Amino acid sequence: MAKDNKKGIFEYSAAPESTGHISIKEQYDLFINNQWVKPQQGKYFDSINPSNENKLASVARANDKDVDKAVKAARKAFPTWAKLPAKERGKYLYRIARIIQEKSREFAVIESMDGGKPIRESRDVDIPLAAAHFFYLGGWADKLEYAFPGQNVEPLGVAGQIIPWNFPLLMAAWKLAPALACGNTVVLKPAETTSLTALKLAEVIQEAELPEGVVNIVTGEGDTGAALVNHPDVNKIAFTGSTDVGKLIQRSIAGTGKKATLELGGKAANIIFEDAAINQAVEGIINGIYFNQGHVCCAGSRLFVQESVVDEVILKLKQRMGNLVLGDPLDKNTDIGAINSKGQLQTIKKYLEIGKKDGLEMFQPKLTIPKKGFWCAPTLFTGAAQSHQIVQEEIFGPVLAVQTFRTIEEVIQKANNTPYGLSAGVWTDKGSKIFNLTSKMRAGVVWANTYNKFDPTSPFGGYKESGYGREGGVHGLEAYLKLS
Amino acid sequence: MDKHKFLELPKSPPVDQVGVGDRINRVQSRSIKKSTKMEGLEMVLSMIDLTTLEGQDTVNKVRQLCAKAKRLHEPYPDLPAVAAVCVYPSMVAVAKKELKNTGINVASVATAFPSGQTLLDIKLDDVRFAVDSGADEIDMVISRGKFLQGEYNYVFDEIAAVKEACNKARLKVILETGEIGNLDSIRKASDIAIYAGADFIKTSTGKIGKAATLPVTCVMLEAIRDYYFKTGTQVGMKPAGGISNAKLALQYLVLVKETLGDAWLDKQWFRFGASSLANDVLKQIAKQKSGSYQSGDYFSID
């Protein structure tokens, strides 16, 4: 940044995590009744590494007959599982958690290969948090009546769970752990681009000797998910993904009596007041939007900066963006990994064009983009307004739109001026301002002077088009119980 | 004319301790390997202020230290020399003579180091004596008592007066961060020192338990960065005390690189105040070159 900035001093050499210790099978079948079952039509699709487009494995494509088989297995297992002494169910969850911890390096490497996220994140965030969810909910299994005093608690039955590609193993844990702790059995469908860690989790479930049929995993694309949603013998649908699909699911299950929790899109406001610790806020902005290439439903994608400090914030933000390392997801120094899929990259690029066409100023640091694979440099748009399309729509990529504001009333109004309401961030040195603002924010999570902090004890979920129901904490149990 | 003179002391911005901690976690997760490691280790050597500040310092002890400064490790004569040797004012002349024509600077602590509890005139005499004896750099201590009493202007004026007494010697201002409180205070003291004319700001005397840490250094580097953004003027940084191994020293370089940029990765702008760091760095260099660790007996102690 200084005038005489010499080039190439102390540049970080490649430090890739070894892949020698991992095992990925050439072909994965469906996981039903604790066994690997061939798909009825014998169809498979490729799971590729988005950082180099190399094929990692073939994964079975389940059709409605396969889904039916999985649901029947779950139904058959349900009465025994539900009647198991609750502390025994807890033991199974603890066992799964411990095995995930033991295999954490393998899980982290596969997660980064299959999904493109930096190993620093899969190693330090995804995998430890996944284990933590199983531990936390394992603890609740025999204490459910204390979570809801005075009420009778019963499991729902068979839960159909559909999870996204941005945090594959972690989302599987978010879904499976509460369902199992509450005595339900499960049919889980991972996202088609990131099935591998869920299939490795199936191996963990075998190793943990869960009774057969309690957890079944069916892989496939949207039609597999639809078959699960529409199956008449499913009691509960839990979905994390796009708002469009969420609406579709809600339409399909209307009138069927199926319970549902939907965790959908977001367009979170991250608000920087002039009295904030700006240097740390800048780090929080970076973490808020460029974490996991912005493939985060709660990403802080709408930045609101008080006009009096906007120049300082933008200057520092650009400098910090220049230090981000983009490249091989398995390199321990990588900050920005690969975009999850070709399709998602096209979506992001479309929005970059829209932003430019709308006359917004676009900034990207000078980074070398690898030739193969799917990549997008961290991007900043300044001069944005609520009326711009890139401010209104969820991009799900490393793209930040910056707006200024003048007063606290204005910023609350604008932060809430969105169909979404999943999360928000506020940065100020004044505690009273935090409480004033957070109580008026229509968002499921509001972080103060930090961003993207997750914990199994803390409920997570949305307002408005960001969905309904909560995952995590005591609230997360309610989604898998019949209370009477 | 002094470039700092027309600037008013600004209100220091708040510092968020949790945020600083998060930042440091990311810095510490950088993996420094292969050629980067070698480059960093040599850079660390070139930035060391080899230090002896003891009541028991003698003429011969200082000479021996200078001998080490000149010949860090005989088997590798091409390694860079350290930046400076740091001694008490009474030893400056000895060190100056030993280091003549080596390019290694003589730094001297002054201003009633380490407590700074004396009158300004005496401090200024201390500084002038060290400068007259040949010190290229002066490491002063701020009056922590006055700082904690809220007499910020006194602290500011004192630094400005010492800067003047330094003449051409570069001034490092020691905040003794372990004594002045939390990160907000450290930021405030950094701003006072920078605006009063410090060429370097330095964490610690090394004489109390709490010495340099990465979070403290991060906050001081941010003060330097904010000043640079406002004025275009570079100020140096010297963490001192508690940095005794190569791995930690490399993490400091990462922090400097990512906070201030490559321009600060030079002994002109970054130093380590340390007495035992050099040999650990040499040990790591020998490991990189030979493939195996060597016993401490192969590295000279002075």
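**How does the radius of gyration of chain B compare with that of a compact globule of 302 residues?** Such a globule would have a radius of gyration near 19 Å, and chain B agrees, with 19 Å. The radius is taken over C-alpha atoms, and the globule rule is 2.2 Å times the number of residues to the power 0.38. This is a predicted model, in which local features need pLDDT of at least 70 and side-chain atom pairs count only at pLDDT 80 or more, while totals for chains, interfaces and linings use all residues. Residues are numbered from 1 along each chain as its sequence is written, and chains are lettered from A.

**View 1. Chain B by itself.** The C-alpha atoms fill a box of roughly 55 × 45 × 35 Å along the principal axes. Of the 302 residues, 59% count as buried, meaning under 20% relative accessible area (1.4 Å probe, protein chains only).

**View 2. Where chain A meets chain B.** The contact (heavy atoms within 4.5 Å) takes 37 residues from chain A and 40 residues from chain B.

**View 3. A salt bridge between the chains.** B:Arg23 pairs with A:Glu283, their closest N and O atoms being 3.7 Å apart. A salt bridge has a side-chain nitrogen of Lys or Arg within 4 Å of a carboxyl oxygen of Asp or Glu, and the count between chain A and chain B is 5. On the side of chain A that touches chain B, helices H4 (119-140), H10 (278-290) and H11 (310-321) each give two or more residues. H11(A) gives the most, with 5 residues.

Technical notes. Heavy atoms only, no water. Helix = DSSP H or I, 4+ residues; strand = E, 2+ residues; numbered from the N terminus. Buried < 20%, exposed > 50% of the residue type's maximum accessible area, 1.4 Å probe, protein only.
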